[in-house]
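I opened my notebook to look up one residue and its surroundings. I then followed the helices around it. My entries are below.

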Amino acid sequence: MIEEANARSERTEECWPIAELLASKASCFCCRAHPEPRWWPRITSGRRSTGRAGQSALSWELPAAASLARLLRDQGRSADAVALLQPVYDRFTEGFDTADLKAAKALLDALQ
């Protein structure tokens, strides 16, 4: 269902939900004890897609990046997780008291 919604968003050029769809997809994979390697390219394609939401939807990008970063962390790829999440977090200039930003900061601190 997530793939269908993502395809529909791209087809209709309504890109605002793409980051949230990627976050949902990553969360599904994070729930698996051992994500299947064959799915990894489909998740990593989300790395490029998180930027599609644009500056005005940065708050939509953060949950997607955080979910993907948790997946990378769980696979023992902490450096990759930081490389994915840090640039998104660094683009914020306000709202540091929000739950998403606090969670992202805590994840970054734990990864480093």
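**Entry 1: A104.** I looked up the contacts of A104, leaving aside its neighbours within four places in sequence, and found L62, L85 and Y89. Contact here means heavy atoms within 4.5 Å. I noted that this is a predicted model, where local features need pLDDT of at least 70, side-chain atom pairs count only at pLDDT 80 or more, and totals for chains, interfaces and linings use all residues. Residues are numbered from 1 along each chain as its sequence is written, and side-chain values use heavy atoms, with hydrogens and water left out.

I placed A104 in helix 6. Helices are DSSP runs of H or I with at least four residues, strands are runs of E with at least two, and both are numbered from the N terminus. Is A104 buried or exposed? A104 is buried, because its relative accessible area is 1% and buried means under 20% (exposed is over 50%, partly exposed is in between; 1.4 Å probe, protein chains only). I also checked A66, which lies 38 residues from A104 along the chain. Their C-alpha atoms are separated by 6.2 Å.

**Entry 2: helix 5 with helix 6.** I turned to helix 5 (residues 78-90) and helix 6 (residues 99-111). Their axes come within 10 Å and cross at roughly 145°. Axes are lines fitted to C-alpha atoms, for helices over the stretch in contact, and angles run from 0 to 180 degrees between N-to-C directions.

Which residues meet? From helix 5 I listed S78, A81, V82, L85, Q86 and Y89. From helix 6 I listed L101, A104, K105, L107, L108 and L111. The residues of this contact divide into 9 nonpolar, 2 polar and 1 charged. Ala, Val, Leu, Ile, Met, Phe, Trp, Tyr, Cys and Pro count as nonpolar, Asp, Glu, Lys and Arg as charged, and the others, Gly among them, as polar.

Entry 3: I read off the buried residues of helix 5: A81, V82, L84, L85, V88 and Y89.

**Entry 4: R77.** I found R77 in the loop between helix 4 (58-74) and helix 5. R77 is partly exposed, with a relative accessible area of 28%. The C-alpha atoms of R77 and L111 are separated by 9.5 Å. These two residues are 34 apart along the chain.

**Entry 5: the chain.** I ended with the whole chain, which has 6 helices and 0 strands. Of its 112 residues, 40% count as buried.
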